[in-house]
Amino acid sequence: MGLLNIRNLTVKFATATGSFTAVDGIDVTVDKGEVLAIVGESGSGKSVSMLAVMGLLPDTATITADEMTYDGRDISKLSKAERRQLIGREITMIFQEPIASLNPSFTTGYQIEEVLRLNLGMSRAEARARALELFKAVGIPEPEEKLNSYPHQMSGGQCQRVMIAIAIASQPKLLIADEPTTALDVTIQKQILDLLMKLQEDYGMALILITHDMGVVAETADRVVVQYKGKKMEEADVLSLFENPQNPYTRALLSALPENATGDRLPTVSDFMALEGTK
Amino acid sequence: MSGSTPTTTPVVEGRAIVQDYHVPGSMFARAKTVRALKGVDFKVEKGKTLAIVGESGSGKSTLARVIALIDAPSGGELLIDGEKVDISARRPGPAMRSKVQMVFQNPYGSLNPRQKVGDVLMEPLIINKPEITASERRERAEAMLAKVGLMPEHFNRYPHMFSGGQRQRIAIARALMLNPSLLVLDEPVSALDLSVQAQVLNLLADLQDEFALTYVFVSHDLSVVRYIADDVMVISKGEAVEIGTREALFADPQHAYTRQLFAATPVTDVEAIRARVAKRKAAKALA
């Protein structure tokens, strides 16, 4: 029995030219303490399915699922008050653009203390002390001073650390990270991934990592779901996926990696899909 | 493969290139000067690819803009085909502009949304080669569309009707309209999906073979660099910390910063994954 169980999730958007299916019958389960990577290219619906869980989709989206449960509770049937108890506390999320995720008008300290006061009912003094602890836990240099800094005074990597501190403030059981390192330099990416993996182990929380980067998958995941055009192509543990990919799309993605180039040309996904189609 | 055959004149050569940016003062801050490039030397032989690798703020795009004759450097010398070029003294004429062209990172920002693809391609000819007749311009633009893998019917469409990969093809086509000898590519595949990235890299390799193009390829992605480069320059904080052939640099990185970059780059090697999974299982069993 997984922590999060999603069965046959479909998300449709009403557009000017008719209905568009972004997610088409996806199943996702994640167990306690597990790292699941959802990998796909743009338009694969990898973010949309998790935004549906978080209730962050606009009104134009129609969400249907046979099952959508977290810890045995049906997410789709929760009242607004119950949903607020769950989302942002037990399930939290971080996004791709750390600087855009923070409010530019408030100090980072104010923003993390707000979460602590509103979600956990701490007093101002308690919140300040806990905020400092959290800033230390995510490795922000000079944490006392940084509590009084505005987002624009910090680098992208530091802002992502602040976002992570906010996300783990309530000791969630599930953290969803949507392309957390895509906007960051490769050396900073390594630091942030190492931090996420350390926190995941320390807190025993489940981590869903949404990414387009096969390298990130290889370095973090226990299990991998590959998505393409709203459909699940393949699901496997990380080693089997890289060692023996079953689905043609997965094989195509792996062979399109420049480091796997054999000879002068890179095979492209379209060559691959065409080739498989003729078999 | 190594670019160390000094018998021919390099297509582009930089000697101690320095670039300063002046940040004007404001109510809150004093004016200051930022030295973005601290004396960079390089040269690229005909038909070769020099990759410039670095992280944000390293000065790699600043260098690309200097090489593409967009910004005049504050110091040092830039030579194109052995001829010294100083754009601060005299604007480069059509002949020089035709030699050096640039492709930018973001194909959504680098194409004018109000301009049809055909006009995008014909504009460089109108400006730099006005002697070419309208019908010939059109022929050349259509031929170039085919070269980069687009269809003749795309000629009259607007950029928003294309995907990211197709737009980058259009940007490459525009850069090639003047038959340049040197193409400066600033992160040309960074905004693209993996599968589309592979197609564009293949296209660049084909075009290089066909037109004997010389590339300066700016990237932050070591796996792309390893695939496309002949020579690699690693740049950090405005200094070229290491420069060498691809084989030498990847086999035996000398500078600490290069090694740090390599260590941070995720590996998709099966043995590495096996080791990581085993380590994680052991840690879980202990807990």
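Trainee: What share of the contacts in chain B with a separation of 6 or more is between residues 24 or more positions apart?
Mentor: In this predicted model, such residue pairs make up 68% of those contacts in chain B. For chain A the corresponding figure is 64%.

Trainee: And how many residues of chain B count as buried, as a percentage?
Mentor: 41% of its 287 residues. In chain A, 44% of the 279 residues count as buried.

Trainee: How many helices and strands does chain B have?
Mentor: Chain B has 10 helices and 10 strands, and chain A has 12 helices and 11 strands.

Trainee: What box do the C-alpha atoms of chain B fill?
Mentor: Roughly 75 × 55 × 45 Å along the principal axes. For chain A the box is roughly 65 × 45 × 40 Å.

Trainee: Switching to the interface. How many residues of chain B are in contact with chain A?
Mentor: 27 residues of chain B, and they meet 30 residues of chain A. On the chain B side, the elements giving two or more residues are helices H6 (194–211), H7 (222–228), H9 (256–264) and H10 (270–286).

Trainee: Which of them gives the most?
Mentor: H6(B), with 7 residues. By type, the chain B side has 14 nonpolar, 9 polar and 4 charged residues.

Trainee: OK, the core. Which residues touch the most other members of the largest nonpolar core?
Mentor: That core has 155 residues, and the ones touching the most other members include A:Ala165, A:Leu174, B:Ile52 and B:Val216. Helix H7 (residues 156–168) of chain A gives the largest share, 8 residues.

Trainee: Where does this core lie relative to domain 1 and domain 2 of chain A?
Mentor: Between them, because domain 1 (1–78 + 208–246) and domain 2 (247–279) both give residues to this core.

Trainee: What does B:Val216 touch?
Mentor: Leaving out residues up to four places away in sequence, B:Val216 touches, among others, B:Val12, B:Val44, B:Leu50, B:Ile52 and B:Val184.

Trainee: Last one. Where does UniProt place the ABC transporter domain?
Mentor: The unreviewed UniProt entry puts that feature at residues 6–254 of chain A. That span is 41% helix and 27% strand, and its end C-alpha atoms lie 27 Å apart.

Definitions and conventions. Residues are numbered from 1 along each chain as its sequence is written. Chains are lettered from A and ligands numbered from 1 in the order in which they are written. This is a predicted model: local features need pLDDT of at least 70, side-chain atom pairs count only at pLDDT 80 or more; totals for chains, interfaces and linings use all residues. UniProt positions are given in the numbering used here, feature names are shortened, and annotations may be inferred rather than shown by experiment. Helices (H or I, at least four residues) and strands (E, at least two) are DSSP runs, numbered from the N terminus. A residue is buried if 20 or more other C-beta atoms lie within 10 Å of its own, exposed if 12 or fewer, and partly exposed in between; C-beta atoms are placed from the backbone. Two residues are in contact if their C-beta atoms, placed from the backbone, lie within 7 Å. Ala, Val, Leu, Ile, Met, Phe, Trp, Tyr, Cys and Pro count as nonpolar, Asp, Glu, Lys and Arg as charged, and the others, Gly among them, as polar. A nonpolar core is a set of buried Ala, Val, Leu, Ile, Met, Phe, Trp, Tyr and Cys residues joined through C-beta atoms within 7 Å. Domain bounds come from an automatic or database domain assignment.
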